[in-house]
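Subject: Handover of a structure

Dear colleague,

Please find below the structure that I am handing over to you. My findings follow directly after it.

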Amino acid sequence: MNAKHDITLAINGEAYAISVEARRTLADAIREECGQTGTHLGCEHGVCGTCTVIVDGAPVRSCLMFAVQCDGASIRTVEGLADGGEPHPLQRAFMEHHALQCGFCTPGFLMLAVAVLERDPDIGDEDLLDILSSNLCRCTGYANIVKAVRAAAAEMRQC
Amino acid sequence: MKPAAFSYHAPETIAEAVAILAEVAPEDGRVLAGGQSLVPTMAFRLARPAHLVDINGVEGLDRLVLDGDELSIGACVRHAAFHRPVVEGCLGPLLSSVARHIGHYPIRQRGTFCGSLAQADPASEWCLAAVTLGATMTAMSVRGSRQIRARDFFEGIMTTALADDELLTEARLAIPPSDTRFGFAEFNRVAGGFAIAMVLAAFRLEDGVITEPRLGVGGVEERPRRIAEAEAALEGRAPGAEAFRAAADAAAGAVDPMEDINTSAGYRRDLVATLAFRALEQAGRALEQAGA
C-alpha cells in the first residue's frame with residue numbers, strides 16, 4: 001500500500017525521475033519531489049484552480065491527479081512560461097493590467113489561460129468568461145484578470 | 001487533505017481490469033476514471049479505498065463512435081469531448097449545451113461521461129440525460145457482460161445497479177429522430193456549482209401537435225427521472241405557452257423534492273416549474289429556427 005512507484009515526470013521539457021507513493025498527488029510531486037514550487041496549492045480538492053497545470057496539452061487540477069498517473073506525461077507549469085528573462089505575453093499583460101495583488105492564484109490563472117489561448121486563439125468573450133470562472137481569486141475582483149487575458153489574446157494572435 | 005494510502009493498479013485491457021476488480025473489490029477496491037469526484041472525496045478521507053484500478057490506460061475505453069443508430073461512449077471519454085457536437089443532427093448540439101454545465105473547464109478535461117453515471121450524483125447532468133434519452137449501460141466483470149437500461153441503473157443517491165466488481169465500460173445513446181427538438185435548463189447559485197434543479201425536455205411534431213414528449217428532472221429527487229404527468233400534458237397539444245405551462249405545473253406537482261440546508265422542498269418545486277417551462281420554450285424556439 002505504501003509501496004513507492006518509480007516514475008518520470010517531464011516538467012517544462014526537463015525529466016524528473018522520482019519515487020512516490022501512489023497517493024502522492026501530481027501537485028505535491030511537482031512541488032516536493034521536483035522542487036518546482038511555482039505551482040500553488042489552495043483548496044486541495046479541486047475547487048480553487050490554483051494548482052492548474054497543463055498535462056499533455058490539457059489544463060487540469062494537479063491536486064486531482066495522482067503523480068503515478070502522469071508517468072511519462074508532458075507537464076507544463078508556470079516556471080516554463082517565460083522565455084529566459086522575457087516574460088510570456090500573458091505574464092506581461094497580468095502586470096500591465098494589475099491582474100494580481102497577492103499573486104497566490106496567479107500561476108493557476110496563467111496556466112489555464114495559456115492552455116485555452118493556445119487551443120483557441122479566437123475564443124469569444126462569453127466562452128472566455130465561462131473558462132476563467134474555473135479559478136478563484138480573492139483579491140482582484142476578476143475584472144482585471146479578464147482584461148489581461150483579453151489583451152494577451154490579442155497580442156498572441158498577432159505573433 | 002491528503003488521500004490515505006492505497007494500492008495502485010494500472011491495467012491495459014478490459015480483461016485485465018475486470019480480473020483485478022474481481023480480486024480487489026471485496027477489499028474496497030474502486031475504479032479510478034477521471035477522478036474529479038473520487039479524488040476530492042479521498043482528500044477529505046471520506047473515501048479510503050484500499051485499491052484503485054486506474055482505467056485511463058485501458059485500450060479502447062476512450063472510444064466515442066457512432067455505432068449503427070447509437071452513440072457509443074467509452075468509459076474514458078471526457079466531458080470535454082462533447083464541447084463541440086460529436087454527431088450530426090440534433091443530439092450533438094444538445095450534448096454540447098449540457099456539457100457546458102458540468103463543473104468547470106479543467107474539470108471537464110479529466111472527468112468522464114461514464115464516471116458521472118457510475119457516481120450517480122443526483123445533480124449530475126449526464127445522469128439526467130441518460131434517463132431522459134433512454135441510455136443503455138454496458139457492465140463487465142469476470143462473470144461476463146450485461147446491459148442495464150438507464151431507468152434500472154440509478155437506484156438512489158450515489159447508488160447504481162453496478163455490482164462492486166463490475167466495470168461500466170460503455171454507455172449507449174440512441175440517436176433520436178432528426179426532427180427532435182431539445183431544451184435544457186439548469187439553476188445553480190455559482191458558476192460551475194452543482195445543479196439545484198435541472199430539466200431536459202424533448203419532443204417532435206406531427207401535424208402541428210407534440211408527439212413523443214420527454215421531460216426529465218434532475219437534481220430534485222434522489223435520482224433523475226422522466227415525469228409521466230408532464231409528458232401526458234404535452235402529448236397531442238400544440239406547442240406554445242399554454243401547453244408548456246400545463247406541463248411545467250404538472251412536473252412541479254409530481255416531484256418529491258429533496259431538502260437541504262440552503263434549499264427547501266418548496267423552492268426546488270418552484271424551480272422545477274420555472275426550468276421545465278424554460279426548457280420547453282427552448283425546444284419550441286429550436287422548432288421556429290428550423291422553420292417547422
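The domain bounds used here come from an automatic or database domain assignment. With those bounds, the C-alpha centres of domain 1 of chain B and domain 2 of chain B are 19 Å apart. Please note that this is a predicted model.

Domains of chain B

Three domains are assigned in chain B: domain 1 covers 7–54, domain 2 covers 64–174 and domain 3 covers 181–287.

Contact between the chains

Chain B contributes 24 residues to its contact with chain A, and chain A contributes 23 residues. On the side of chain B that touches chain A, at least two residues each are supplied by strand 1 (7–9), helix 2 (38–43) and helix 4 (105–110) of chain B. Helix 4 of chain B has the largest share of that side, five residues. Sorted by class, the side of chain B that touches chain A holds 14 nonpolar, seven polar and three charged residues.

Strand pairing in chain B

Chain B contains ten helices and 14 strands. Strand 6 (residues 136–141) of chain B pairs with two partners that I would point out. With strand 7 (residues 144–149) of chain B, strand 6 of chain B pairs in the antiparallel sense over six bridges. These two strands of chain B form a hairpin with two residues between them, and S141(B) has G144(B) in strand 7 of chain B as its bridge partner. With strand 10 (residues 167–174) of chain B, strand 6 of chain B also pairs in the antiparallel sense, over five bridges. Here M137(B) stands opposite A171(B) in strand 10 of chain B.

Overall form of chain B

The C-alpha trace of chain B spans about 60 × 45 × 30 Å along its principal axes. The radius of gyration of chain B is 19 Å, which agrees with the value near 19 Å for a compact globule of 292 residues. Of the 292 residues in chain B, 52% are buried. Among the contacts in chain B with a separation of 6 or more, 63% join residues 24 or more positions apart.

Yours sincerely

Key:
Residues are numbered from 1 along each chain as its sequence is written. Chains are lettered from A and ligands numbered from 1 in the order in which they are written. This is a predicted model: local features need pLDDT of at least 70, side-chain atom pairs count only at pLDDT 80 or more; totals for chains, interfaces and linings use all residues. Two residues are in contact if their C-beta atoms, placed from the backbone, lie within 7 Å. Helices (H or I, at least four residues) and strands (E, at least two) are DSSP runs, numbered from the N terminus. Ala, Val, Leu, Ile, Met, Phe, Trp, Tyr, Cys and Pro count as nonpolar, Asp, Glu, Lys and Arg as charged, and the others, Gly among them, as polar. Two strands pair if DSSP finds at least two bridges between them. The radius of gyration is taken over C-alpha atoms; the globule rule is 2.2 Å times the number of residues to the power 0.38. A residue is buried if 20 or more other C-beta atoms lie within 10 Å of its own, exposed if 12 or fewer, and partly exposed in between; C-beta atoms are placed from the backbone.
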